[in-house]
Amino acid sequence: MNSFAEFLAMGGYGFYVWTSYAISFVVLLLNVIVPMAQRKQLLRELALKQKRAK
Amino acid sequence: MSIIPAPIVRFYHQTASPPFFYSLSNKLLPWLTAIFLMLLGYGLYAGLYLAPTDYQQGDSYRIIYVHVPAAWMSLFIYVVMAVAGAISLIWRMKIADVVLISSAPIGASFTFIALVTGSLWGKPMWGTWWVWDARLTSELILLFLYLGVISLYGAIEDKRTASRAVAILALVGVVNIPIIHYSVQWWNTLHQGPTVTKMDKPSIHLDMLIPLLVMATAFKFYYAIAMLQVAKVEILLREQNTQWVKKLLEKK
């Protein structure tokens, strides 16, 4: 592999290779980001509930 | 007197306690993330750039570096869930329930990735996106098992009953795991046979094998990270009325 363009082309299989990596990347990223956002949201709600209870 | 040594009993009760598990997760996560990113960085560089082009499949084979580790994880996570299910049923360990249900979305994701990347690899190599052969069909059943665990857990209001139900489902579904593993040997298929697990003489070149093993290890760390993130939410939900969560909220 000499050039960056050649690297991206993946010997003509660029579409299949890069789509595979992109889909995997997005799915794995969501699996971490979603629970982190859920936890933030939940902590906020619980804190609010606790304040009201006092 | 118990036949189990005291330190083990102490370790069991400590790790099994939700506040301990929660703070342990917080301590472990930065380390796990650092190791994961290093392995991922090297694995991608080695797999996409350093590894030589395959003489038969050209560069399309590079899909292997997500496809195979994802497929391994899809089996590994299901076995973890079945073991957690057994522990939960036998010893009523709360954390085992949490580990089981927190693993399900990640296992489902890896199964989905294995199926999709397999399809994207199959199209240029086999000329078709999908065949109803044993390997692909049993992997698809695995996806439905994961989704079954998730929806069963969501459908039952009482979380203790829900945990018991998914533990049983996870244990029953584990029969599918050896079927997936041996499917390429038991039935004729388009899917290629094992190239790595033939330990005596793996039929894959070392320069191709190393990135594969690095990616597989990276995915193991990723699983730990993602599972702990889901587990933290699950623990907070279950323990929201306890003293330690109230203290945690006051500190914020």
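**View 1. Chain A has two helices and zero strands.** Helices here are DSSP runs of H or I with at least four residues, strands are E runs of at least two, and both are numbered from the N terminus. This is a predicted model, so local features need pLDDT of at least 70 and side-chain atom pairs count only at pLDDT 80 or more, while totals for chains, interfaces and linings use all residues. Residues are numbered from 1 along each chain as its sequence is written, and chains are lettered from A and ligands numbered from 1 in the order in which they are written. With a radius of gyration of 22 Å, chain A sits well over the 10 Å that the globule rule gives for 54 residues, so it's more spread out than a compact globule. (That radius is taken over C-alpha atoms, and the rule is 2.2 Å times the number of residues to the power 0.38.) Along the principal axes, the C-alpha atoms of chain A fill a box of roughly 65 × 20 × 10 Å.

**View 2. A:Met10 lies in the loop between α1 (4-9) and α2 (14-53) of chain A.** Its phi is positive, about 50 degrees, although A:Met10 is not a glycine. Most residues other than glycine have a negative phi. A:Met10 is buried, with 20 other C-beta atoms within 10 Å. The cut-offs: buried means 20 or more other C-beta atoms within 10 Å of the residue's own, exposed means 12 or fewer, and partly exposed is in between, with C-beta atoms placed from the backbone.

**View 3. B:Arg92 lies in the loop between α3 (64-91) and α4 (94-126) of chain B.** Here's another positive phi of about 50 degrees on a residue that is not a glycine. B:Arg92 is partly exposed, with 13 other C-beta atoms within 10 Å.

View 4. Buried in α6(B) are B:Ser163, B:Val166, B:Ala167, B:Ala170 and B:Gly173. The buried residues of α6(B) pack against α3, α4, α5 (134-155) and α7 (176-186) of chain B, with contact meaning C-beta atoms, placed from the backbone, within 7 Å. On the face turned away from that buried side, you'll find the exposed B:Thr161 and B:Val172.

Conventions: Contact = placed C-beta atoms within 7 Å.
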